[in-house]
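Please examine the sequence and the structure shown below. The paragraphs that follow lead through the covalent link, the core, the ring pairs, the charged pairs and one loop.

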Amino acid sequence: MNEIICQAIEKRRLLQFSYDDLTRIVEPHLLGRKTSGKDALSGWLVEGYTESDHEPFWRNYLVEKMDFLIMLDETFEGEREGYNREDPSMEEIYCRL
């Protein structure tokens, strides 16, 4: 799964996946291991359910909770405002914009 996420980041392509049984479409920006030891994706939520409708739409998704992951053909421009390439919540960064 990490390989698909890193390919999507490299190609700037949207990801679609199920998370907590709800579909999300995300601009992937950074994949790494959180200080908790769990792999997580930091991305901009484009479409899908969220408990908070407040901007910005930055979200972190635990990879182990992602199902039915697919890389879409649709691309995105690049970094969104507020993107932190050196996310301090990440113990190790696998790939990033």
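The link of Cys6 and Cys95 is left-handed, with -85° about the S-S bond. The two residues form a disulfide (a pair of cysteine sulfur atoms within 2.5 Å), and their sulfur atoms are 2.1 Å apart. A disulfide is a covalent bond between the sulfur atoms of two cysteines. By this rule the count comes to one disulfide. Because Cys6 belongs to helix H1 and Cys95 to strand S6, the pair ties together parts that are 89 residues apart in sequence. Here helices (H or I, at least four residues) and strands (E, at least two) are DSSP runs, numbered from the N terminus. Cys95 counts as buried, because its relative accessibility is 14%; buried means under 20% relative accessible area, exposed over 50%, and partly exposed in between (1.4 Å probe, protein chains only).

The model is a predicted one, in which local features need pLDDT of at least 70 and side-chain atom pairs count only at pLDDT 80 or more, while totals for chains, interfaces and linings use all residues. Residues are numbered from 1 along each chain as its sequence is written, and side-chain values use heavy atoms, with hydrogens and water left out.

Attention now turns to the interior. A nonpolar core is a set of buried Ala, Val, Leu, Ile, Met, Phe, Trp, Tyr and Cys residues joined through side-chain atoms within 4.5 Å. The largest such core has 26 residues, of which Ile5, Leu15, Phe17, Leu31, Leu41, Tyr61 and Met66 touch the most other members. Two or more residues of this core come from each of helix H1 (2-11), S1, S2, strand S3 (39-48), strand S4 (58-62), strand S5 (66-75) and strand S6 (90-96). What does Leu15 contact, apart from its neighbours within four places in sequence? With contact taken as heavy atoms within 4.5 Å, the partners of Leu15 include Ile4, Ile5, Ala8, Val26, Leu41, Leu69 and Met71.

Aromatic rings form a further set of pairs. A pair of aromatic rings is described by the distance of the centres and the angle of the planes. Rings of Phe, Tyr and Trp (its six-membered ring) pair if their centres lie within 6.5 Å; planes under 30 degrees apart count as stacked, over 60 as edge-to-face and the rest as tilted. A search of the whole structure finds six aromatic pairs. In one of them, Tyr19 and Tyr61 have ring centres 5.1 Å apart and planes at 80°, so the pair is edge-to-face. Tyr19 is in strand S1 and Tyr61 in strand S4, so this pair ties together parts that are 42 residues apart in sequence. Both Tyr19 and Tyr61 are buried. The rings of Trp44 and Trp58 are also edge-to-face, because their centres are 5.4 Å apart and their planes stand at 85°. This pair links distant parts of the chain, with Trp44 in strand S3 and Trp58 in strand S4, 14 residues apart. Trp44 and Trp58 are buried, and ring pairs link Trp44, Phe57, Trp58 and Tyr83 into a cluster.

Side chains of opposite charge can pair when their charged atoms come close. The structure holds seven salt bridges, each defined as a side-chain nitrogen of Lys or Arg within 4 Å of a carboxyl oxygen of Asp or Glu. Among them is the bridge of Arg13 and Asp73, at 3.2 Å from N to O. This pair links distant parts of the chain, Arg13 in strand S1 and Asp73 in strand S5, 60 residues apart. Arg13 is buried, with a relative accessible area of 18%, whereas Asp73 is exposed at 69%.

Lys38 forms a salt bridge with Glu64, and the closest N and O atoms are 3.0 Å apart. Lys38 lies in the loop between S2 and S3 and Glu64 in the loop between S4 and S5, so the pair ties together parts that are 26 residues apart in sequence. Lys38 counts as partly exposed at 33% relative accessibility, and Glu64 counts as exposed at 56%.

Finally, consider one loop. Asp21 is found between strand S1 (13-19) and strand S2 (22-34), and Asp20 has its place in this loop too. Phi is near 55° for Asp20, a positive value in a residue other than glycine; Asp21 likewise has a positive phi, near 65°. Asp20 counts as partly exposed at 45% relative accessibility, while Asp21 counts as exposed at 72%. The C-alpha atoms of Asp21 and Asp67 are separated by 8.3 Å, although the two residues are 46 residues apart along the chain.
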